[in-house]
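Have it open beside you as you go through the points.

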Amino acid sequence: MAGVMIERPAPTVGEALRRMRQQGETYQGVWSWLTTIDHKRIGLMYGATAMFFFLVGGIEALIIRLQLARPGLTLVDPDQYNRLFTMHGTTMIFLVVMPLSAAFFNLVIPLMIGARDVAFPRLNAFSYWTFLFGGMLMSASFFTGNPAGSFFEGHLGAPDGGWFGYAPLTLNQFSPGTGIDFWAFGLLILGVASMAGGFNFIVTIVNMRAPGMTLFRMPVFVWMTLVTSFLIIFAMPIITVALFQLLFDRLFGANFFNVGAGGTPLLWQHMFWLFGHPEVYILILPAMGIISEILPTFSRKPLFGYPFVVFSGIAIAFMSWGVWAHHMYTVGLGSAANAAFGVSTLLIGVPTGIKIFNWLATLWGGSISFKTPLLFALGFIAMFTIGGLTGVMHSMVPSDYQQQDTYFVVAHFHQVLIGGALFGLFAGVYYWFPKFSGKFMNEKLGQLHFWAMFIGFNVTFQPMMILGFLGMIRRTSTYEAGLGYGLWNMMSTAGAFLIAFSIAVFLINVVVSMRSKEDAGADPWDGRTLEWAIPSPPPVYNFAKIPQVTELDAHWAKKYVQNEAGELVPAMAGGANGDDNDSSGHDIHLPSPSIIPLIASAGLPLLASGFIYWDNPWMLPLIPVGAVITLVGVFAWALEPATE
Amino acid sequence: MQHAPTADAAHVTNTGIDNRKLLMWLFLASECLFFGGMIGTYLLYRNSSVTPPYPTDRVIDGVAYSGLFDIPFTSVSAFVLLMSSVTMVLALAAIQRNDRRGLQIWLAATALLGMTFLAGQAFEFTEFHKEGLSVNTNLFGTSFFVLTGFHGAHVSVGVLILVALWVMARRGRITSENALNVELAGLYWHFVDVVWIVIFTLVYLLQ
């Protein structure tokens, strides 16, 4: 680790622990990853784990598509189908898009603001491990469908209540077994991970910027991360309350959603969507931030209307709290409520539209280089616009009455989540891969990936729009022949396999590119922001010397100046890459690695498992065991010095 | 050379606010939504129970039901918790002028007052249970126990933190330099106290 010198005061937490920490600093193997608190490594782990869950969620999607390829197929039965679409949705949202965004927060934010790490490196490691354990717990539900005589006998496996988990549909009466419990506890634990990350990135961005980097000199991705983090810390507590209520009903016979006792299903719906709509923006804003970095770089122009893009993002975040009931038009809230939420939903389209026009104007007149990152960013603009416009259609109450529960809705949200969020995230992968590996991603394979995914995406989801208009309903495991659905479903299934092919190309590309001999250098795209000012991959301490920022696009400003004719010319000496970083970093004091975040988060899934099986005397002890592990972890954490 | 950003680098932040203090404020802001959801649920279900027991005296179809709430008792325990905020302030004030003995005394007092409140809550829960109210009895039982139970859990975490600080204080590990530890615990403690005032007003006093 680049010869970072560590000062060693008197031991405070025991010699054994000290030795483990020392190993974490010098050892390059598994232990160094388990104890790492380096934001870059944590970011890589987030990315790799999210890609793994992406494959899991993708396989679920392929099974669903196979089942629907022709009318009347019986590849999976209706019960299994329910479990598949529930896990597909939950996995893609909470275990893929959110953590992929978190991967970029981790990898890029400290570099973009000129910091050596996040504000709380150990809390950051805790976020990652908690996310991993939450995802594992939820996915473990698949394996609980079980041999006779095992602890899990008689239980039914994965959750089957949809990602929205509407109570009372998710109460014991209608969803027996432990699937929903795994789902609810999984989401609670994932919520802890997201909130810890949200707090960390707000503090980091608010407090840790390099000197001179005022709020309006921050790159747009930093802004969007800040806005997303605020949405996370305010939206997650609401779903937390709802999940606790659901669990109390399921485990202890409470009455929150018990209609017989006077409870109302509307409680869940309001709570879920009050969380759920900001969640939609939690998924999309980071991707918007990413393409707001990529478009200027590949157009060699500053972002058009920077303040408008930033304020639009902030406006979207505020407005996202006032649109939730557009998920509930057909519930019967009354026409006044429906009209109000219809108007607010139309309004939220305005700042979104402003962003799209600013991105287009950024491209206008630029010297555009059509590399893979830009292709994905352009794909984002095109596909997200269609997704956004179909969203505007949903905002109209009478129109939505027709579309409710049809494939038109499925087409709409995949249009924004794949065509939007995922295209944006892939753009980010291709864009920042050279920074963190030191290698370019193979351009030919990248182009193949893009075109296969772009075509596959459209072949998959545009037919769903038509299916929606034809009246095909969601969440139903099959359909009858003769309704005119067959052709479109077959197309959709074929498209899904084309997307799967494109992802295979991507994975091959990652492997091929890692082995490439070509050195990408510090600043392969002639970038504008601070991460391109340091070597690739960045040293563990990021910046040997903390940069001094004088304007927006801080790195660009050091490389280019305007001559008397107003033309851009390279700056004289001193602007080249990495020359602020010739120090060997010997005197930089970094926080020490620690195993404690991993221990503290390891207690959580145990605690949850104990509650899920609390009527089983063999499993019940997991509650105190999990609680003690987490408590010990937290206390050790508080007592362990951050640096040694 | 600037110091590396670490969790305890109290200096060099853009806002001048310590990282940990900002984290605590954000956490508490987030907690507002948590308790907001819980309290909102209680209010939504207020007077919606279809079976007894009820929180307050009520006559339904000529049958009188006596309410479970014992306002004088709960007022006392609310007062105890309120006083614990005073002792918390005194603890912080003590260590800020480097009065370690004062810190120990006031931390212990705060923890004890917190425990007294918890004991009061345990007593109240037991009494209600004897009267036939459980989490699964009716909407009142469900929303009351879950709301006040989560609040009690927060107070318990606060007591754990106070006890840990008290142990550290006894070992002389807290000085005016790291008084921030006490300040952070104080922020949390005051928040939990304020939440109780809201709960006491909306749940117990508002009829």
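1. First, a term for later: a residue is buried if 20 or more other C-beta atoms lie within 10 Å of its own, exposed if 12 or fewer, and partly exposed in between, with C-beta atoms placed from the backbone. Also, this is a predicted model, in which local features need pLDDT of at least 70, side-chain atom pairs count only at pLDDT 80 or more, and totals for chains, interfaces and linings use all residues. Residues are numbered from 1 along each chain as its sequence is written, while chains are lettered from A and ligands numbered from 1 in the order in which they are written.

2. On confidence (pLDDT is the predictor's confidence in each residue, from 0 to 100), chain A averages 90, and 91% of the residues score at least 70. Over residues 1–13 of chain A, though, pLDDT is below 50, and this stretch has 24 contacts beyond near neighbours in sequence; two residues are in contact if their C-beta atoms, placed from the backbone, lie within 7 Å. Residues 574–582 of chain A also stay under 50, with 19 contacts beyond four places in sequence. Where pLDDT is low, the predicted coordinates should not be read in detail.

3. Chain A has 18 helices and two strands (DSSP runs numbered from the N terminus: helices are H or I, at least four residues, and strands E, at least two). Its C-alpha trace spans about 75 × 65 × 45 Å along the principal axes. Buried residues make up 55% of the 644 in chain A.

4. Now the interface: 35 residues of chain B are in contact with 42 residues of chain A. On the chain B side, α1 (19–44) and α4 (139–170) each supply at least two residues, and α1(B) gives the most, with 13 residues.

5. Two cis peptide bonds to look at. One runs from S536(A) to P537(A), with omega near -15 degrees; P537(A) is in the loop between α15 (486–515) and α16 (554–559) of chain A. Another runs from P52(B) to P53(B), with omega near -5 degrees, and P53(B) is in the loop between α1 and β1 (58–60) of chain B.

6. Then positive phi. R475(A), a residue other than glycine, has phi near 55 degrees and is in the loop between α14 (443–470) and α15 of chain A. Is R475(A) buried or exposed? R475(A) counts as exposed because 12 other C-beta atoms lie within 10 Å. D526(A) also has phi near 55 degrees, and is partly exposed, with 15 other C-beta atoms within 10 Å.
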